[in-house]
Amino acid sequence: MKEQASATEHKVRLDKWLWAARFYKTRTLAKEAIEGGRVHYNGARVKPGRVVEAGAEVTLKQGWSEKTVLVLDVSEKRGPAPVAQKLYQETEASVEKREKLAWQQKQIQAAQLPPARRPTKKQRRMIHRFKEQAEHD
């Protein structure tokens with residue numbers, strides 16, 4: 001009986017689950033993200049040793065993007081990407097928010113295009129004069 005109970009009570013640490021689900025390349029990076037407050041478990045900051053349960057909500061901040069995922073399954077072994085993707089499901093609101101943010105960043109980047117050509121010699125002299133004048137003021 002005890003062996004069967006321990007098999008169903010599969011306990012996995014949060015940092016290990018994030019690594020197994022392929023959100024982070026190493027467990028150390030997952031641990032640092034949790035300790036840095038970039039990972040929230042059911043809306044609260046937690047420690048890396050927190051036990052993950054199916055049905056929990058995990059919010060991750062990676063760079064500019066923020067993902068909210070629901071834990072579907074628990075695993076401590078890192079497998080291929082298709083298997084790892086079955087461990088979680090990203091919420092609809094999270095997907096929409098990330099797509100909107102990506103679109104905004106593309107618009108900002110498009111607005112900051114470099115000049116069509118290099119400045120002429122006359123324009124460069126004007127730029128240098130302007131900079132020198134700004135330094136002396």
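Strands S3 and S4 form a hairpin with two residues between them, and Gly63 in the turn has a positive phi of about 65 degrees. The model is predicted, so that local features need pLDDT of at least 70 and side-chain atom pairs count only at pLDDT 80 or more, whereas totals for chains, interfaces and linings use all residues. Residues are numbered from 1 along each chain as its sequence is written, and side-chain values use heavy atoms, with hydrogens and water left out. Helices (H or I, at least four residues) and strands (E, at least two) are DSSP runs numbered from the N terminus, and two strands are taken to pair if DSSP finds at least two bridges between them.

Gln62 stands opposite Ser65 in S4, and Thr59 of strand S3 has Thr68 in S4 as its bridge partner. With a relative accessibility of 14%, Thr59 counts as buried, where buried means under 20% relative accessible area, exposed over 50%, and partly exposed in between (1.4 Å probe, protein chains only). Leaving aside residues up to four places away in sequence, Thr59 touches Arg38, Val39, His40, Glu66, Lys67 and Thr68, a contact being defined by heavy atoms within 4.5 Å. S3 is also joined to S1 by three bridges, the two strands running antiparallel, and Tyr41 stands opposite Val58 in S3.

Taken together, five strands form an open sheet in the order S2-S1-S3-S4-S5, with antiparallel pairing. Strand S2 (44-45) and strand S5 (88-90) stand at the edges with a single partner strand each, so one side of each is left without a neighbour in the sheet. Helix H5 (residues 92-111) packs on this sheet, touching S4 and S5, and its direction makes about 165 degrees with that of S4; axes are lines fitted to C-alpha atoms, for helices over the stretch in contact, and angles run from 0 to 180 degrees between N-to-C directions. The 20 residues of H5 reach 29 Å from the first C-alpha to the last, close to the 28 Å expected at 1.5 Å a residue, the expected span being 1.5 Å times one less than the number of residues. H5 is hardly covered, as the count of buried residues among its 20 residues is one.

Two loop residues other than glycine have positive phi values. Arg22, in the loop between helix H2 (14-20) and helix H3 (27-35), has phi near 65 degrees and is partly exposed, with a relative accessible area of 40%. Asn42, in the loop between strand S1 (39-41) and S2, has a positive phi of about 55 degrees and counts as partly exposed at 48% relative accessibility. Most residues other than glycine have a negative phi.

At the level of the whole protein, six helices and five strands are present, and from the N terminus on the elements run α-α-α-β-β-β-β-α-β-α-α. The radius of gyration is 24 Å, well over the 14 Å that the globule rule gives for 137 residues, so the protein is more spread out than a compact globule; the radius is taken over C-alpha atoms, and the rule is 2.2 Å times the number of residues to the power 0.38. The C-alpha atoms fill a box of roughly 90 × 30 × 25 Å, taken along the principal axes. Buried residues make up 24% of the 137 residues.
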